Amino acid sequence: MKKILAICRREAFAYFYGPIFYVAATFLTFMIGFTFYQIVKHGSGIDANIGYITEMGGSLLLFITPMLTMRLFAEEYKQGTMESLMTAPVTDWQVVIGKYLAVCAVTMAMFLPMLVHVGVLYALGKPAAATTLTLAAVLFVWGAFYAAVGLLVSAFTREQVVAAVLGLAANVVLWIVGFWLGQTDFVKRVEWLDKAVSYVGFYTHLEPALRGVVDTRDIVYFAGAIVFLLFATVRVLESRKWRG
């Protein structure tokens, strides 16, 4: 556990020495702040407002997370430090989990200004505490899922820009599968295909929670998906290690 935390600290602090985190955090804060102003001005319900802010924040992660994850392995390969990291007395799993926890922590740190927005909503009304906590958990899971996707993509290449583009493309494809493909007539006409697309699409599993409804099947889906993505990342590292 100490080794994982050491890797996590190393990676997390590295973000604060570069411009990417600050650019992403500024963009996120501005967009959520603008959205918050609009929905408070024209919104119809406090709980609905919190849900809309959450959905807006999660949607922005589609673009922001690849910017954060692109350096995790690509930079190590580019600078030639990957070999020394992999020959250190740490396992591949410890490296992957340490880097993963770091990007999750940094992603959530960008949302800290949202506490001000939530505080204002509590001052304007009385949103349900359970709903607020559920939506906070949704935002965390949303970011954690995208982080796992980006981590896997970064393990395939030594170019950060390529990792960012591929990470964004992967996020868009996963979004389309659940949000757009599931609405097409062709898919809807085939019952088993409709069910398969509905289950694979991650947004389908977020939608109930955005309304404040927690389903254990959705929890199992995201837990399984994240574990699978981390496992795939470890396998990619092992493969590259054997290939030299």
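These are my notebook entries on a predicted model of one protein chain.

**Ground rules.** I number residues from 1 along the chain as its sequence is written. Because the model is predicted, local features need pLDDT of at least 70 and side-chain atom pairs count only at pLDDT 80 or more, while totals for chains, interfaces and linings use all residues; side-chain values use heavy atoms, with hydrogens and water left out.

**Overall layout.** The chain has 13 helices and zero strands (DSSP runs numbered from the N terminus: H or I of at least four residues for helices, E of at least two for strands). I then checked burial: 47% of the 244 residues count as buried (under 20% relative accessible area; over 50% is exposed, in between is partly exposed, with a 1.4 Å probe and protein chains only). The chain exposes about 12900 Å², and carbon and sulfur atoms supply 70% of that (Shrake-Rupley method, 1.4 Å probe). Among contacts with a separation of 6 or more, 79% join residues 24 or more positions apart (contact means heavy atoms within 4.5 Å).

**The core.** Which residues touch the most other members of the largest nonpolar core? I found Phe73, Tyr100, Met110, Trp142, Phe145, Tyr146 and Phe202, out of 63 residues (such a core is a set of buried Ala, Val, Leu, Ile, Met, Phe, Trp, Tyr and Cys residues joined through side-chain atoms within 4.5 Å). Helix α8 (residues 129-154) gives the largest share, twelve residues.

**Helices α4 and α6.** The axes of α4 (residues 71-79) and α6 (residues 92-109) come within 11 Å and cross at roughly 125° (axes are lines fitted to C-alpha atoms over the stretch in contact, and angles run from 0 to 180 degrees between N-to-C directions). So I call α4 and α6 oblique to each other (under 35 degrees is roughly parallel, over 145 roughly antiparallel, 65 to 115 roughly perpendicular, the rest oblique). On the α4 side I noted Leu72, Phe73 and Glu76, which meet Val95, Val96, Lys99 and Val103 in α6.

**Two single residues.** Beyond four places in sequence, Thr107 contacts Leu61 and Leu68. Ala209, in helix α12 (residues 202-210), is buried too, at 12%. Its contacts beyond four places are Thr134, Leu135 and Val138.
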